[in-house]
Amino acid sequence: MPLTEPYDDHLPQEDPVAGDGAVGDPDSGDTPGDSGGDHAVEPEPTLPEPVRQRIVALTAAVLPTLPADEVPVPLRRVAKFAPNRRARLGAPAIAAQLTADPLFRQRVTARVLADAGDLGAAVVEGTAPAAADPVEVAALAYLARPRGWRELIDSSGAAVRAEADSAVVAELVREAEQRATRAEHDRAVARVEADKLRDELARVREELGQLREESRQLARTLRETQTRERKASELLATERGRAARASADVDAELRRARARLAEAEAAAGVARASAKEARSVDDARLWLLLETIGQAAVGLRRELALDPVDKLPADFVADAFAEHPGAAPAGPAARARDTDDPARLDQLLALPRAHLVVDGYNVTKRGFGEMSLEQQRKRLITGLGGIAAQTGDEVTVVFDGAERMHGLPPAPRGVRVLFSRKGETADELIRRLVRAEPAGRPVVVISSDREVADGVRRHGAYPLGADSLLRRLARS
């Protein structure tokens, strides 16, 4: 911001600087010609920005040293700022006050010249040392305004501009050197890249030659393949003709076979009629054979003097089922019958020496799952006791359990209660019970588990669903 207010020599001066050319000197060029007449006032010079900033900095530095009554009212608040903020924030107000208030400028000039020493004295005399900073000289000349101060400011401004131009030129030279360095680096990089590209081009040319050779080989292979394909097509047409002839022969043979089948079915009908007539004779022979076998079995038991046994096969499984989990299956699967008819249970239990094996929780959770496990076991065991008492059959009920349950009520007579041990499920224990029975003994397994039913069926047992036993218990 330029300081453009005129200088007024008629205002009183405080603490003037002695000597010719001092502030307010009539010979400085700023004193009016005739105190009683009109005079022309020259405008303030346009200051270079560094000079303006230095003037504001000098004024801001001496502002706190002035007495409070000598500080203009607009600058009293600025004088209280911190040193680093005073020149930056108060620059507009300081510049305006230096231009508008010559007395304030004279007071500031007196203290600035005192601090400047020999340089201030030289500026007051209108000279500028050659080694002095042109900005400092211009700032002191603007404040002191000795004779020829405008020329000092102009020469200092020219020096500042020359320094700025020199700095610009130096910066341009530095940038040119940097660009030259970068260009040299880029050229080196370009040479390296060019070498890489040449190597890559040579490699690509080599690969292209290989690809061309492979292409020629593939073309030869394609021609050979096409030749083989034509031969295969001709052979295929020949085989199709043969296949058509063979198909016609097969159709003729099929018609002849169907005619023979019709004749065989007619003969089979005649044979079935003959078999039906002979079935009554076979039934009579079978009954006689069974009666003879029964009497022979009674005589054999008497001849061998076989005493009644104390333990049944299931008892041995109950004693040692955890020690031998991999026992071999016993007996063929010939006695298995696939039936889920609930009425079949009574028929099977009516067979002599039948063994009823029950998957406990599979039945209880299906029939009365709302009860606790203890109540489910108690109700099922009680019902099975009634069946054992009515039929006289052997009854075994199996429950899942890592350890044998304690505190169970005694099982009814004829009912065996087993719990699977740790590492073995009730399904595995049921299959072991079935495998332990001798071939020919009727074993009935009650479980709605398809896997259990399929497993025991392979070992010759009769699998029935849980509903058949639940309905049987409901009738008891």
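User: What share of the contacts in the chain with a separation of 6 or more comes from residues 24 or more positions apart?

Analyst: That share is 67%. A contact here means heavy atoms within 4.5 Å. Before we go on: this is a predicted model, where local features need pLDDT of at least 70 and side-chain atom pairs count only at pLDDT 80 or more, while totals for chains, interfaces and linings use all residues. Residues are numbered from 1 along each chain as its sequence is written, and side-chain values use heavy atoms, with hydrogens and water left out.

User: How many helices and strands are in the chain, and what makes a stretch count as one?

Analyst: There are 15 helices and five strands.

User: Why is E136 called buried?

Analyst: Its relative accessible area is 15%, and buried means under 20%, with exposed over 50% and partly exposed in between (1.4 Å probe, protein chains only), so E136 falls on the buried side of the cut-off. E136 sits in helix α7, residues 134-144, and it touches R54, L58 and L119, leaving aside residues up to four places away in sequence.

User: What makes α7 mostly covered?

Analyst: In α7, 11 of its 11 residues are buried, including P134, Y142 and A144.

User: What is the largest nonpolar core, and what makes a set of residues a core?

Analyst: A nonpolar core is a set of buried Ala, Val, Leu, Ile, Met, Phe, Trp, Tyr and Cys residues joined through side-chain atoms within 4.5 Å. The largest one has 37 residues, and I55 and L63 have the most contacts inside it. Helix α7 gives the most to this core, nine residues. As for L63, its neighbours beyond four places in sequence are V71, L75, V78, A79, R86 and F104. There's also a second, separate core of 27 residues, with L356, V358, L380 and V444 among them.

User: Why do β4 and β5 count as paired?

Analyst: Two strands pair if DSSP finds at least two bridges between them, and β4 (residues 443-446) and β5 have three, so they qualify, in the parallel sense. V444 has Y462 of β5 as its bridge partner.

User: What order do the strands take in the open sheet, and what makes a strand an edge strand?

Analyst: The order of the five strands is β3-β2-β1-β4-β5, with parallel pairing. The edge strands are β3 (415-419) and β5 (462-464), since each pairs on one side only. From one strand to the next, the twist averages 20°.

User: Which residues of β3 point which way, and are they buried or exposed?

Analyst: V415, V417 and F419 point one way, R416 and L418 the other, and all are buried. In general, the side chains of a regular strand alternate between the two faces of the sheet.

User: What lies on the sheet, and at what angles?

Analyst: Helix α11 (residues 360-368) lies across β1, β2 and β4 and runs at about 65° to β1. Helix α13 (residues 426-436) packs on the sheet too, touching β1, β2, β3 and β4, with a direction at about 155° to that of β2. Those angles run from 0 to 180 degrees between N-to-C directions, with axes being lines fitted to C-alpha atoms, for helices over the stretch in contact.

User: What puts the buried residues of α14 on the same side?

Analyst: The buried residues of helix α14 (residues 450-458) are V452, A453, G455 and V456. They cover an arc of only 165° around the axis, which puts them on the same side; the arc is that of the directions from the helix axis to the C-beta atoms. R450, E451 and R458 are exposed on the other side.

Terms used
Helices (H or I, at least four residues) and strands (E, at least two) are DSSP runs, numbered from the N terminus.
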